[in-house]
Amino acid sequence: MMQGRRSPIWHPFTQHALQGEMTRIVGGEGAYLYTDDGRRIIDAISSWWVVTHGHCHPHIVRAIQEQAGKLNQVIFAGYTHDPAEDVAAQILKFTPSGLDYVFFSDSGSTSVEVALKMALGYWLNIGRRRTNVAVMQHSYHGDTIGAMSVGARGVFSTAYEPLLFDVSVIPFPAVGCEQRTLDVLESVCRTKSPACFIVEPLILGAGGMLMYPARVLKEMKRICESLDVLFVADEVMTGWGRTGTLFACEQANVTPDIACYSKGLTGGALPLAVTLCRADIFKAHYSTDRRRTFFHSSSYTANPIACAAARANLELWQDGELRERVRSIANLQERAIAPLRIDSRFDNVRQTGTVTALELKSADSGYLASIGPSLQRLFSDRNLLLRPLGNTIYVMPPYCTTAADLDEIYAGIREAADLLA
Ligand SMILES: *Cc1c(COP(=O)(O)O)cnc(C)c1O
């Protein structure tokens with residue numbers, strides 16, 4: 001199949017030689033996307049995990065419209081503005097105490113780059129240079145070179161391998177192997193003295209929606225703390241209610257030394273990210289010696305319109321009703337996935353908060369499993385936006401998704417099993 005309409009656009013994570021015609025979207029509202037040929041699609045993965053409240057949430061739309069007419073961009077070195085100040089102040093109220101400073105950037109990948117630079121800058125500036133980074137197996141932290149370096153290596157990174165820096169890899173804490181994870185982490189912290197350990201708390205997203213319990217997260221933090229290794233939580237995906245709490249770290253009662261948030265930060269309306277850190281990491285850069293400056297910026301750092309969207313999102317989170325809705329989505333998901341737990345065509349049926357995932361048993365597995373594209377076509381024919389990771393199907397819906405929408409989504413997944421398992 002070739003693209004019917006010739007377009008000069010090179011799309012992300014897309015093999016154009018195999019891609020059918022792109023679905024053209026003309027509008028979005030709540031959990032639905034609307035196509036130019038009049039179809040309504042249920043967005044079961046929140047448009048790549050960003051649209052937390054649903055498309056075009058009126059409160060966020062209004063905030064964007066108002067800000068666009070007031071101040072839509074200003075240099076952020078030497079200048080500041082209310083939307084950014086309000087977002088920083090509010091986000092510190094929501095995050096565990098111990099995080100004190102907020103650095104703005106534009107994407108999850110960049111927030112990770114910033115975290116790594118903060119960690120290395122910290123050690124250099126306190127006179128104890130460290131350069132190693134510890135990471136968890138199967139992790140994903142973004143697609144820029146630094147973020148790829150701390151993420152899983154594979155077919156995605158083969159071409160760029162020579163540019164990626166070496167890291168120490170901790171095994172994923174699969175059921176029954178948790179102690180080994182902790183032992184290896186402890187040994188790496190002792191022998192390699194990494195600058196930091198970066199990890200996705202509770203759910204490893206792009207690595208296959210792999211889930212592990214809060215007590216392992218808590219133990220990993222304890223080990224890092226006792227051995228003086230900075231603990232970096234990449235909450236780019238897990239933040240904003242996904243795991244059932246506002247942030248995943250809450251469930252382990254853990255305060256990271258550095259934390260990255262993006263995706264749902266604006267409710268999915270505009271690109272924005274923040275990296276939060278402890279006061280002493282900021283203070284290590286605080287000096288009359290200009291060489292200690294934190295040398296990082298992007299042109300659109302803390303763009304006022306994106307910040308206004310984030311501020312509106314934070315306002316929504318102040319409302320207890322939204323947290324209730326998250327609980328209700330988690331409950332609906334639990335009910336919807338229950339029958340699949342005893343269906344022999346599925347493996348490893350799992351849930352953390354509002355996210356469910358399972359493997360469809362098939363001859364091959366992994367991201368390039370041949371079943372992947374067939375699944376995607378089948379879902380697309382049913383007007384469902386699901387994008388399996390190989391034979392791993394997951395559902396990460398916006399919080400406005402109804403029980404009836406979920407019924408349709410899971411009917412699609414069962415049909416996939418009927419036809420393909
Ligand atoms: C999506 C993601 C990123 C990268 O975010 P982008 O905005 O796509 O650059 C980083 N870390 C995690 C855990 C993610 O899920």
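Guide: Buried here means under 20% relative accessible area, exposed means over 50%, and partly exposed lies in between (1.4 Å probe, protein chains only). This is a predicted model, where local features need pLDDT of at least 70, side-chain atom pairs count only at pLDDT 80 or more, and totals for chains, interfaces and linings use all residues. Residues are numbered from 1 along each chain as its sequence is written, and side-chain values use heavy atoms, without hydrogens or water.

Visitor: Is Tyr 261 buried or exposed?

Guide: Tyr 261 is buried, at 1% relative accessibility. Phe 247 is buried too, with a relative accessible area of 1%.

Visitor: How are the rings of Phe 247 and Tyr 261 arranged?

Guide: They form a tilted aromatic pair, 4.5 Å centre to centre with 45° between the planes. Rings of Phe, Tyr and Trp (its six-membered ring) pair if their centres lie within 6.5 Å; planes under 30 degrees apart are stacked, over 60 edge-to-face, the rest tilted.

Visitor: Which parts does that pair tie together?

Guide: Phe 247 is in the loop between E10 and strand E11 (258–261), and Tyr 261 is in E11, so the pair joins parts 14 residues apart in sequence. Strands (E, at least two residues) are DSSP runs, numbered from the N terminus.

Visitor: How many aromatic pairs in total?

Guide: The count is 13. One of them is Phe 197 with Phe 231: centres 6.0 Å apart and planes at 65°, so edge-to-face.

Visitor: New topic. Which ring does the charged end of Arg 130 sit over?

Guide: That of Trp 123, 3.8 Å from its centre. The rule: NZ of Lys or CZ of Arg within 6 Å of the ring centre and within 35 degrees of the ring normal. Arg 40 likewise sits over Tyr 32, its charged end 3.9 Å from the ring centre.

Technical notes
Helix = DSSP H or I, 4+ residues; strand = E, 2+ residues; numbered from the N terminus.
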